[in-house]
Amino acid sequence: MSPRMPNPSLVVPDVLPPMRALVKAVNSVGVPLQTLVLIHLRVSQINGRTVQLPTKQREFEEAGEEDHRLPLVEVWREQTCFTDAERSVLALAEAATRIDGRPDPVSDEVWGEAARHWNQVQLAAVVMHIGLVNLWNRVNVATRQEPVDWRINPKTWTPMTSRLTPAP
C-alpha cells in the first residue's frame, strides 16, 4: 500500500517544530537513548506499526547497530538480557499503550516498579515518550506511511522526527 498523503506533520503548518522540541526535551533528562529505542520499538510492535529490524550479524554490523537485543523486545519478559530498569519501562510502555477496556491500565505495581528505577523527571520523560510514540504510530498507520527501518545506532540515535524531510 502506498501512503495516503505525506506525513501529516509535514502537511499541517508549524506542527513539526514543536514535535521536535518535545522529542528533544524528552531526550535531554538522562533516560539512556538505548532505553528510549527499546520503548519506541515495543510500543510500535503493540500498535502493529511494522518495524524492520536487523536479524543477522552482518546486518547489525552494516547498520552500526550494537544492541543485538532489538529482535527480542517483543518477548522481553522471557529474556534475561534486559536490565530491571529497562524491564520496568517496557512494562509501563505496554500498560500505557494497551488502555482499552481496562479501568486502571497502569497498575500501581507497574508504576511503582518504574518509579523505583527512574527519578520523577526521567519517569515523566518516559511517559511523554510513550505518548509521543503512540501519536506517531497512529498518524503513520492512518496515513499508511512506509514501515520504519530500525537500522540506527542507539549511541547516536536521532529521534524519528528529526529524520523527516519535507515533501517536495
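Reply: A residue is called buried when its relative accessible area is under 20%, exposed when it is over 50%, and partly exposed in between. By that rule Leu 53, at 18% relative accessibility, counts as buried. Please keep in mind throughout that this is a predicted model.

The part to look at is helix H3, which covers residues 33-46. The chain that holds it has seven helices and two strands, and from the N terminus on these elements run α-α-α-β-α-α-α-α-β. Of the 168 residues in the chain, 42% count as buried.

Begin with the length of the helix.

Next comes its burial. Because 12 of the 14 residues of H3 are buried, the helix is largely enclosed by the rest of the structure. The buried residues include Leu 36, Val 37, Leu 38 and Ile 39, and among them are also His 40, Arg 42, Ser 44 and Gln 45. As for what lies against them, the buried residues of H3 pack against H2, strand S1 (51-52), H5 and H7.

If its neighbours within four places in sequence are left aside, Ile 39 is in contact with Val 89, Leu 90, Ala 93, Val 126, His 129 and Ile 130. Ile 39 also belongs to the largest nonpolar core, a group of 34 residues, in which it stands with Leu 92, Val 126 and Ile 130 among those with the most contacts. The elements that give two or more residues to this core are H2, H3, helix H5 (84-97), helix H6 (108-117) and H7. Contacts across the sequence are also seen in the chain as a whole, where residues 24 or more positions apart account for 74% of the contacts with a separation of 6 or more.

Now follow the chain out of the helix. H3 is followed by Gly 48, whose phi is positive, near 75°. Further on, in the loop between S1 and helix H4 (57-63), is the place of Leu 53, the buried residue with which this reply began. The C-alpha atoms of Leu 53 and Leu 70 are separated by 7.2 Å, although the two residues are 17 apart along the chain.

Most residues other than glycine have a negative phi. Asp 14, however, has a positive phi near 70°; it is found in the loop between helix H1 (8-11) and helix H2 (16-26), and it is exposed, with a relative accessible area of 66%. Arg 144 also has a positive phi, near 55°, and its place is in the loop between helix H7 (120-142) and strand S2 (148-149). At 31% relative accessibility, Arg 144 counts as partly exposed.

The chain exposes about 9,300 Å², of which carbon and sulfur atoms supply 56%. Met 5, Val 11 and Val 12 form a nonpolar patch there, with about 220 Å² of accessible area together. Met 5 lies in the segment before H1 and is partly exposed, with a relative accessible area of 34%, whereas H3 is largely enclosed by the rest of the structure.

Key:
Residues numbered from 1 in each chain as written. Predicted model: local features only at pLDDT ≥ 70, side-chain atom pairs only at ≥ 80, totals over all residues. Heavy atoms only, no water. Helix = DSSP H or I, 4+ residues; strand = E, 2+ residues; numbered from the N terminus. Buried < 20%, exposed > 50% of the residue type's maximum accessible area, 1.4 Å probe, protein only. Contact = heavy atoms within 4.5 Å. Areas by Shrake-Rupley, 256 points an atom, 1.4 Å probe, with all protein chains shown as cover. Patch = residues over 30% accessible without salt bridge, like charges linked within 9 Å, V, L, I, M, F, W, Y side chains within 5 Å. Salt bridge = Lys/Arg side-chain N within 4 Å of Asp/Glu carboxyl O. Core = buried A, V, L, I, M, F, W, Y, C linked by side-chain atoms within 4.5 Å.
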